[in-house]
Amino acid sequence: MDFYKIFLSAHKGFGYLELALVALFTIALLTVMFGFSGKVNKFLKKTTLFAMIFFHVQFIVGIALLLIFSPGFKAALDSSTLMSDSYSRFQYVEHPFSMLIAAVLMTIVNKKVKTNPTISLGVVITGLIAVGLFAFAFPWTRVFGA
């Protein structure tokens, strides 16, 4: 078995699911934010929880893919082109670190949504920053074509 292809397929498959969860989270967050009461509802709690879980699953699978199975990362390190080549820099530096920060921010948002009965502007901003980092680091052209 080729574990690289298995992990890559899992990473791509969870990526599609994560896109849907981030869209649902954004809709739920904005709905609660623009709602009259600002009270946290079950839909926001569940979408935040599942988005956070899949952020972490994606990150773990991605780190295993990067550090253990990726031949491109090792080649870029050996040839010293990791930061000079824009593709390598995005694929092996910007993508993992942006997703790590987004996962940490989603964990913070999940904790705040879970413990507070109403939503604050800081939680909304933190959630939107996490979504923005996810949107920045998502490889749109590789997934949906050029």
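The largest pocket in this predicted model holds about 590 Å³ of space. A pocket here is an open set of points on a 1 Å grid over the protein atoms alone, where a 1.4 Å probe fits, with protein on both sides within 12 Å along at least five of seven lines. The volume is the space filled by probe spheres set on the points, which are joined across faces, edges and corners.

So who sits around it? There are 28 lining residues, and His11, Leu65, Gln91, His95 and Arg142 are the closest to the pocket's centre. To count as lining, a residue needs an atom within 4 Å of a point. Two or more lining residues come from each of α1 (3-34), α2 (42-69), α3 (71-78), α4 (86-115) and α6 (140-144). Sorted by class, the lining has 17 nonpolar, eight polar and three charged residues. For these classes, Ala, Val, Leu, Ile, Met, Phe, Trp, Tyr, Cys and Pro are nonpolar, Asp, Glu, Lys and Arg are charged, and the others, Gly among them, are polar.

Now for the chain itself. It has six helices and zero strands; helices are DSSP runs (H or I, at least four residues) and strands are E runs of at least two, numbered from the N terminus. The C-alpha atoms fill a box of roughly 55 × 35 × 30 Å along the principal axes. Of the 146 residues, 38% are buried (under 20% relative accessible area, with exposed over 50% and partly exposed in between, using a 1.4 Å probe and protein chains only).

| Pair | Angle | Axis distance |
|---|---|---|
| α1 and α2 | about 155° | 8 Å |
| α2 and α3 | about 55° | 6 Å |

Axes are lines fitted to C-alpha atoms over the stretch in contact, and angles run from 0 to 180 degrees between N-to-C directions. The angle makes α1 roughly antiparallel to α2, while α2 and α3 are oblique to each other. The cut-offs are under 35 degrees for roughly parallel, over 145 for roughly antiparallel, 65 to 115 for roughly perpendicular, and oblique for the rest. The α1 and α2 crossing is left-handed, but α2 passes α3 in a right-handed one. Left-handed means the near helix is turned anticlockwise from the far one by less than a right angle, and right-handed means clockwise.

Finally, Lys42 is found in helix α2, and it counts as exposed because its relative accessibility is 67%.

Residues are numbered from 1 along each chain as its sequence is written, and side-chain values use heavy atoms, with hydrogens and water left out. Because the model is predicted, local features need pLDDT of at least 70 and side-chain atom pairs count only at pLDDT 80 or more, while totals for chains, interfaces and linings use all residues.
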